[in-house]
Amino acid sequence: MSSSAPLAGQTALVTGASRGIGRAVALELANAGATVAVNYASSATAAEEVVAQIIATGGSAYALKADVSQEEQVEPLMAAVLERSGSLDVLVNNAGITRDGLLMRMKTDDWQAVLNLNLSGVFLCTRAITRTMLKQKRGRIINITSVVGLIGNAGQANYAAAKAGVIGFTRSTARELASRGITVNAVAPGFIATDMTKDLKADELLNAIPLGRYGQPEEVAGAVRFLAADPAAAYITGQVLQVDGGMVMA
Ligand code: NAP
């Protein structure tokens, strides 16, 4: 754990923290001093490894299984965090999937699955913890969107619609919750080296990235840590912070 430990005494829940960006965010927030609830859907072993890694470096963490697209699993997830930790200070809505396909061939199931997790999951988790954060008069909510939600992407109409929805949701909830000391921001990664992007053809994509490489999960985690930190990000709400190697500039 870092000596400054800006999140000491706080609890963070990271959805989809068994792998990829969520895993890196969990490690980073633990390094900043937070107790981290490591949510996962099916990768129990990977989630326990994240917990073990945090504990081995002097941090505090526990794993919680829940499919955050399912309302009946989200309430117990939040209840479990509050029972274990007594509060929830930082919620990182990270869990996400892709089910790519061109529009004309896109199955309704693929549309629905992506919207259910990538957008409705953010709504369900945020709604479930809002009452607690309102009572605390304090909270940080950080939603992982994507640059695809800003500029679109052929073959990802479902994913782009969900991620654009997350941006609208972020701005609306930021306005709703600001007067109670809760900030809501989004982080928009470009192409990050994780399981989600491992099958993409790198050569074509790299031309579109001024920094000329994929990002690493740790580079997204650094942005999340910043937005969670006090007082560094206390006056920032409703924003979308791009971590994309310069891919989208506007
Ligand atoms: P990843 O490596 O595929 O990991 C996805 C994570 O989400 C896993 O921990 C997985 O848990 C979890 N998850 C999947 N379905 C879930 C559910 N129903 N409930 C709870 N957790 C669930 O993906 P990633 O690349 O790290 O992406 C993380 C987030 O960043 C996503 O929202 C993604 O859209 C966004 N993003 C990624 C990129 C990129 O280039 N990689 C770019 C922009 C935005 P299990 O292991 O248990 O399945």
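This is a predicted model: local features need pLDDT of at least 70, side-chain atom pairs count only at pLDDT 80 or more; totals for chains, interfaces and linings use all residues.
**Entry 1: the ligand**

I started with the ligand. Which residues come nearest to it? There are 31 residues around the ligand, and S42, S43, N94, Y159 and T194 come nearest.

For Y159 I found a polar side-chain atom 2.5 Å from an oxygen atom of the ligand.

**Entry 2: helix 4 with helix 6**

Helix 4 covers residues 108-136 and helix 6 covers residues 157-177; their axes come within 8 Å and cross at roughly 15°. Angles under 35 degrees count as roughly parallel, and helix 4 and helix 6 are therefore roughly parallel to each other. I noted the crossing as right-handed.

**Entry 3: helix 3 with helix 4**

Helix 4 has another partner on my list, helix 3 (residues 71-85). The two pack at an angle of about 40°, with their axes 9 Å apart. Helix 3 and helix 4 are therefore oblique to each other, and helix 3 passes helix 4 in a right-handed crossing.

Helix 3 puts E71, V74, E75, M78 and L82 into the contact, and helix 4 puts in L124, C125, R127, A128, I129 and T132. I sorted the residues of this contact into seven nonpolar, one polar and three charged.

**Entry 4: helix 1 with helix 8**

Next I checked helix 1 (residues 20-31) against helix 8 (residues 217-228). Their axes come within 8 Å and cross at roughly 50°. Helix 1 and helix 8 are therefore oblique to each other, and I have their crossing down as right-handed.

On the helix 1 side the contact is made by G20, I21, A24, V25, E28, L29 and N31. On the helix 8 side I found P217, E218, V220, A221, V224, R225 and A228. The classes come out as nine nonpolar, two polar and three charged residues.

Where does the cis peptide bond sit? It joins D230 and P231, with omega about 0°. I placed P231 in the loop between helix 8 and strand 7 (240-243).

I also flagged K137. Its phi is near 60°, a positive value in a residue other than glycine. K137 is in the loop between helix 4 and strand 5 (139-144).

Key. Residues are numbered from 1 along each chain as its sequence is written. Side-chain values use heavy atoms; hydrogens and water are left out. Axes are lines fitted to C-alpha atoms, for helices over the stretch in contact, and angles run from 0 to 180 degrees between N-to-C directions. Helices (H or I, at least four residues) and strands (E, at least two) are DSSP runs, numbered from the N terminus. Angles under 35 degrees count as roughly parallel, over 145 as roughly antiparallel, 65 to 115 as roughly perpendicular and the rest as oblique. A crossing is left-handed if the near helix is turned anticlockwise from the far one by less than a right angle, and right-handed if clockwise. Contact means heavy atoms within 4.5 Å. Ala, Val, Leu, Ile, Met, Phe, Trp, Tyr, Cys and Pro count as nonpolar, Asp, Glu, Lys and Arg as charged, and the others, Gly among them, as polar. A residue is near a molecule or strand if one of its heavy atoms lies within 4 Å of it. A polar contact is a pair of N or O atoms within 3.5 Å; within protein, one must be able to donate a hydrogen and the other to accept it, and residues adjacent in sequence count only if both atoms are side-chain atoms.
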